[in-house]
Amino acid sequence: MNKILSVNAGSSSLKFQLLSMPSERVIVEGIVERIGNADAIYTVKLNGNKERTTLSIKNHSEAVQLVLNDLIKRQIVASLDEIKGVGHRVVHGGEKFKESTIITPEVIKQIEEVSFLAPLHNPGAITGIKAFQEALPNVVHVAVFDTAFHQTMEPEAYMYAVPYEWYEKYGVRKYGFHGTSHQYVSMKAAELMGKPYEESKIITVHLGNGASLAAIKNGKCIDTSMGMTPLEGIPMGTRSGTIDPAIIEFICTKENKTVQQVLEDLNKRSGYLGISGLSNDSRDLEDAAAEGHYRSNLALDIQYKRIADYIGSYYVYLGGADAIVFTAGIGENNARCREVVCDRISALGVKIDYDLNNRVRGVVTELSTPDSKIRVFLIPTNEELMIARDTMRLAKL
Ligand code: ADP
């Protein structure tokens, strides 16, 4: 039995899970938020209990020390030697990283080199990696990239039809995100269907605050909805998804804003929040829509239409589909979203059991009826587990 830490470090947060492998049992999980503040928050979940502490945490190194000391204090590990590997989620691997990799000084340099593509995300991950390497210098550290799974796309799918030099000089192309999640739920769907992953056609619908779809053929991603940044694709909690790029210049002129300000509007004040004027949370919008709030209903309809559009286009690009998988916060919990989307793609012969769909949340379920032409699944995502599995595999444990 090996204990593996799965880590997701952001600019001011550090999320972790300690897993027992190969049983894949979560021993403990937690998060340190507001790192760099006198009132940082440490939340730990153990045996079904959640504990929250507010304390001062100056930087990621202090956060890492706090977590590791706590594991010892609670006797979850007798000594840090019990932790055999640490897997780190890294958002952007550019074209450099096509799969997870053992972290060496050279790899850190390469992650830094592609960080211009994710300036809000990659620096936090690098800080987290360095802090954990300092605290656990003798174990294998592995980087797992959100973009890696999408690196199998063909140029026709990842290139934008813009001056080619933009790609050559600056790496302007589609990269896609949530790759670990798309890979995990598609593998699981193939397993549930009893089909070899390498002979399956699967459309995955990851609907959280951020949201994206992927078309996966024979175990390889051939298209995905997010782009060079997570702004492209379907509308999300606060992101617009794809829009006519000419709108940016138009609004800059009309509202006397900079491009950066308009991009902030598109990233933080659009999507559910922008259209509804109420909230970025799907639950609030469903409630308001049920009470007749026109703009909440519209925000949901715009998103559901776009999800159906992508599924239709991926169905064609894949040359058919064996399964459609819903996952992440909304995909796992919002029955109405799944129902409306499946109704909108009924032309593909998709049929789900409405009763069952209404009853389930957050558990692996086949939602389609036996006569549905495409099988529909709800599969909870588990990026932490994928990270731990890759860490085990690369560390040869
Ligand atoms: P993130 O991208 O931040 O990880 P999540 O996957 O947690 O996002 O998804 C957040 C979304 O999931 C929110 O819109 C929220 O309304 C929705 N969601 C989460 N839990 C539930 C639930 N129990 N019922 C309905 N919607 C939920």
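This is a predicted model: local features need pLDDT of at least 70, side-chain atom pairs count only at pLDDT 80 or more; totals for chains, interfaces and linings use all residues.
Helices (H or I, at least four residues) and strands (E, at least two) are DSSP runs, numbered from the N terminus. Strand β9 spans residues 201–207 and strand β10 residues 211–217; the two pair in the antiparallel sense over 7 bridges. Strands count as paired if DSSP finds at least two bridges between them. A hairpin of 3 residues connects β9 to β10.

β9 also pairs with β12, here in the parallel sense and over 5 bridges. In that pairing I203 stands opposite I324 of β12. Of the 7 residues in β9, 6 are buried, where buried means under 20% relative accessible area, exposed over 50% and partly exposed in between (1.4 Å probe, protein chains only).

## The six-stranded sheet

These strands belong to an open sheet of 6 strands with mixed pairing, in the order β11-β10-β9-β12-β14-β13. Its edges are β11 (220–224) and β13 (365–366), each of which pairs on one side only.

Strand β12 (residues 323–327) runs parallel to strand β14 (residues 375–378), and 4 bridges join them.

## T391 in helix α15

T391 lies in helix α15, which covers residues 383–394. T391 counts as buried because its relative accessibility is 0%. Leaving out residues up to four places away in sequence, T391 touches I4, G85, V86, G87 and V142; a contact means heavy atoms within 4.5 Å.

## The chain as a whole

The protein chain contains 15 helices and 14 strands. Its radius of gyration is 21 Å, which agrees with the value near 21 Å for a compact globule of 397 residues; the radius is taken over C-alpha atoms, and the globule rule is 2.2 Å times the number of residues to the power 0.38. Along the principal axes, the C-alpha atoms fill a box of roughly 60 × 55 × 45 Å.

Buried residues are 53% of the 397. Among contacts with a separation of 6 or more, 60% link residues 24 or more positions apart.

## Basis of the values

Residues are numbered from 1 along each chain as its sequence is written, and side-chain values use heavy atoms, without hydrogens or water. Local features need pLDDT of at least 70 and side-chain atom pairs count only at pLDDT 80 or more, whereas totals for chains, interfaces and linings use all residues.
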